[in-house]
Amino acid sequence: MIVLGIETSCDETAAAIVTDNREIRSNVVLSQLEEHAVYGGVVPEIAARAHIDHIDKVIKAAIDDARISFDDLNGVAATCGPGLIGGVMIGMMSAKAISSVLNIPFIGVNHLEGHLLTARLTDNITFPYLVLLISGGHTQILVAESLGKYKRLGTTLDDAAGECFDKSAKMMGLPYPGGPNIEKIAKECNKPDHAIKRFPLPSPMKGRKNCNFSFSGLKTAVRIHVDKLPDGDLNRNDIADLSYAFQLKTAEILADRCKNAIKLFLDNYGNHTNSPTLVICGGVSANKTIFKKLEDLALNNKMQICAPPLYLSGDNGAMIAWAGIERLKSGQKDSMDFKARPRWSLDPKAPSKPMQT
Ligand code: KG4
Ligand code: ZN
């Protein structure tokens, strides 16, 4: 089975060809970084226009790189939400057009499901598994029970982890996207203990029994530290120290919340799996400090950890194609009146606002 996957929910125009024997035949990602960099974040209208400009050639490149023709496709999947609605519509309508012309199935994919099924594409992880989804728009802990059945254990009360990286980076004068740039400059910090003492940061939600997150207090603390630094261009050493302290604190917060989730998972699902696994996915999962903290936590709890390789951690078409393949293989497909959804929860039973316990 050969499937084309299309991803346009944020600032990447992406398309990929994936087969049901886990072969990524092509994976084309056109980033709009330069278009948005001057604004320090993604501008929805600019993103939508850029998707329109590039979608055709990105799809064509995915087909050509895979050395196939459109006639070889057995299905076409596209992100239909959640995300910036202008971009989502462009990817979805392109997929529907290809589906109608070729008379092949169309599958409308939840972008978050794409991220959390990637571990099954790369490592053939079996259900059930625990997932920490950390991206620019979402920070959630879920149990992937089976295809299409996801139980949310926790979510953020305010900002997402990636958003906190991006906004903190902006305050420090670092370019968008903040995550990779904070990680890069934090490596220049040569006195880590001193950096942590210089820039104390809060640990929101620490000690709470639930699996929810909060990042707005951390972001505000970064703002306060930046404001106290001398006026003018920030000194590179100061930025390196603050980035180091911020990155480490974020990793600690994520690990603290995952500790509760691991306990819940092992208590409730431990008997249903031979190899309990923590999967981390979404753009922030590329961060090495965060991965190391979570790896230590997982290993201490006798769980294995799985994170996608760098080229599949951020937004891409391969994860959407794979989610499409999983759905097609289980006999599912969607109709032409499938609606794009700016919001689309993976767990319909979870409250939209988590309880602040
Ligand atoms: O999953 P993704 O590509 O797009 C969304 O669906 O949001 O995630 C993008 C987010 C951005 O906030 C970006 O700053 C963050 O992932 N990110 C990182 C790293 N690479 C990307 N955050 C921390 N460290 C990184 N190395
Ligand atoms: Zn994403």
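## Helix H12

Helix H12 is mostly covered, with 12 of its 13 residues buried. The model described here is a predicted one. The buried set in H12 comprises Gly-317, Ala-318, Met-319, Ile-320, Ala-321, Trp-322, Ala-323, Gly-324, Ile-325, Glu-326, Arg-327 and Leu-328.

The length of H12 (residues 317–329) is consistent with its residue count: at 1.5 Å a residue, its 13 residues should span 18 Å, and the C-alpha atoms at its ends are 18 Å apart, which agrees.

## Helix H8 and its buried side

Leu-218, Lys-219, Ala-221, Val-222, His-225 and Val-226 are buried in H8. These residues lie on the same side of H8, because they cover an arc of only 160° around the axis. An α-helix has 3.6 residues a turn, so residues three or four places apart point the same way.

The face of H8 turned away from the buried side carries the exposed residues Asp-227 and Lys-228. The buried residues of H8 are covered by elements including H5, helix H7 (192–198) and helix H9 (236–269).

## Lys-219

Lys-219, found in helix H8, has a relative accessible area of 17% and is therefore buried, the cut-off being under 20%. Leaving aside neighbours within four places in sequence, Lys-219 is in contact with Asp-159, Cys-164, Lys-167, Ser-168 and Met-171.

## Packing of H5 against H6

Two packed helices are described by the angle between their axes and the distance between the axes. For helix H5 (residues 161–171) and helix H6 (residues 178–186), the packing angle is about 65° and the axes are 7 Å apart. The crossing in which H5 passes H6 is left-handed.

On the H5 side, the residues that meet H6 are Phe-165, Asp-166, Ser-168 and Ala-169, and their counterparts in H6 are Gly-178, Gly-179 and Ile-182. By class, this contact of H5 with H6 has three nonpolar, three polar and one charged residues.

Asn-210 is placed in the loop between H7 and H8. With a relative accessible area of 12%, Asn-210 falls under the 20% cut-off and so is buried. Asn-210 and Thr-155 are 55 residues apart along the chain, and their C-alpha atoms are separated by 9.9 Å.

How values were computed
Residues numbered from 1 in each chain as written. Chains lettered and ligands numbered in written order. Predicted model: local features only at pLDDT ≥ 70, side-chain atom pairs only at ≥ 80, totals over all residues. Heavy atoms only, no water. Axes fitted to C-alpha atoms, helices over the stretch in contact; angles between N-to-C directions. Helix = DSSP H or I, 4+ residues; strand = E, 2+ residues; numbered from the N terminus. Left-handed = near helix turned anticlockwise from the far one by under 90°. Contact = heavy atoms within 4.5 Å. Nonpolar A, V, L, I, M, F, W, Y, C, P; charged D, E, K, R; others polar. Buried < 20%, exposed > 50% of the residue type's maximum accessible area, 1.4 Å probe, protein only. Arc of directions from axis to C-beta. Expected span 1.5 Å × (residues − 1).
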